[in-house]
Amino acid sequence: MSKQRRLTTKEKRRQQRENNGTLNSKFSMRQIRPITQTQEDMFYEYRNGKNIAAIGTAGTGKTMCALYLALQDVLSDEGYDQIVIIRSAVQTREQGFMPGTQAQKEAVYAIPYADITRDLFGRGDAWEILIQKRQIKFMTSSFVRGLTFDNSIIVVDECQSMTYHELDSIITRVGESSKIIFCGDTRQDDLAGSRNRNDVSGLVSFINVIKSIPSFELVQFGVEDIVRSGLVKEYIIAKDKQEKQQKPMSKVTHNFGLSSAIA
């Protein structure tokens, strides 16, 4: 009688998840594929172990791609315990004046990510299940100081509305066996209307630092990558044209020298 093969650690963990009902046909994520070349580049670089800075136009699917890739790794037991979503909440510079607990205050800003998970899993309670299983954690950038994220995939969204100090604080929270994805658009800077003169977007300066880090890949999304709807694409093109007409010729727009081509 032949000896039964011993299960590997990875197989044991997968079996345990199946027994606990974590992995079953009733709660599974649908597969999505990149729609544009730049989305494909983001998938390629991420799966090759890179930390990602996905920067560019609204409606290009940066956040959807980031969350999908992170969920794939967490759900397939690739050594990551959780996804930590960190979002800028410019309005909550005065968050202490809002009623409710920290969780209640932050819940408003978690709505877009709850919608994404509901779409990916095809069920209305997907976000709540992921939270309950501690596979996703959400927080605003106001509460990251002093924390360390080990065995995590950190998705930093709306990072154009964070100061350099906030971005610096977040990246220095990355612990052992973790990855990070930054998503943002330098042209959607909500800090521009802040009443605090010290609230200045730090994204451009931050990118100038991380683009020299070998473990980072900067992926730039343009108008051609807009997938949200035809109307959004038409609007962005019209807005770009209007802004170019209004800007003085001497005004130079930010160009990070990013390339979205696969090497």
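Which helices and strands each supply at least two residues of the lining of the second largest pocket?

1. Contributions to the lining come from α3 (62–75), α5 (111–121) and β5 (179–184), each with at least two residues. Helices (H or I, at least four residues) and strands (E, at least two) are DSSP runs numbered from the N terminus.

2. This is a predicted model, in which local features need pLDDT of at least 70, side-chain atom pairs count only at pLDDT 80 or more, and totals for chains, interfaces and linings use all residues. Residues are numbered from 1 along each chain as its sequence is written, and side-chain values use heavy atoms, with hydrogens and water left out.

3. The lining of the second largest pocket comprises 21 residues, with Gly59, Lys62, Thr63, Glu158 and Arg228 nearest the centre. A pocket here is an open set of points on a 1 Å grid over the protein atoms alone where a 1.4 Å probe fits, with protein on both sides within 12 Å along at least five of seven lines; lining residues have an atom within 4 Å of a point.

4. An open sheet of 6 strands has the order β3-β2-β4-β5-β1-β6, with parallel pairing; two strands pair if DSSP finds at least two bridges between them. Because β3 (136–140) and β6 (216–221) stand at the edges, each with a single partner strand, one side of each has no neighbour in the sheet.

5. Strand β4 (residues 152–157) runs parallel to β5 and is joined to it by 4 bridges. Val156 has Phe182 in β5 as its bridge partner.
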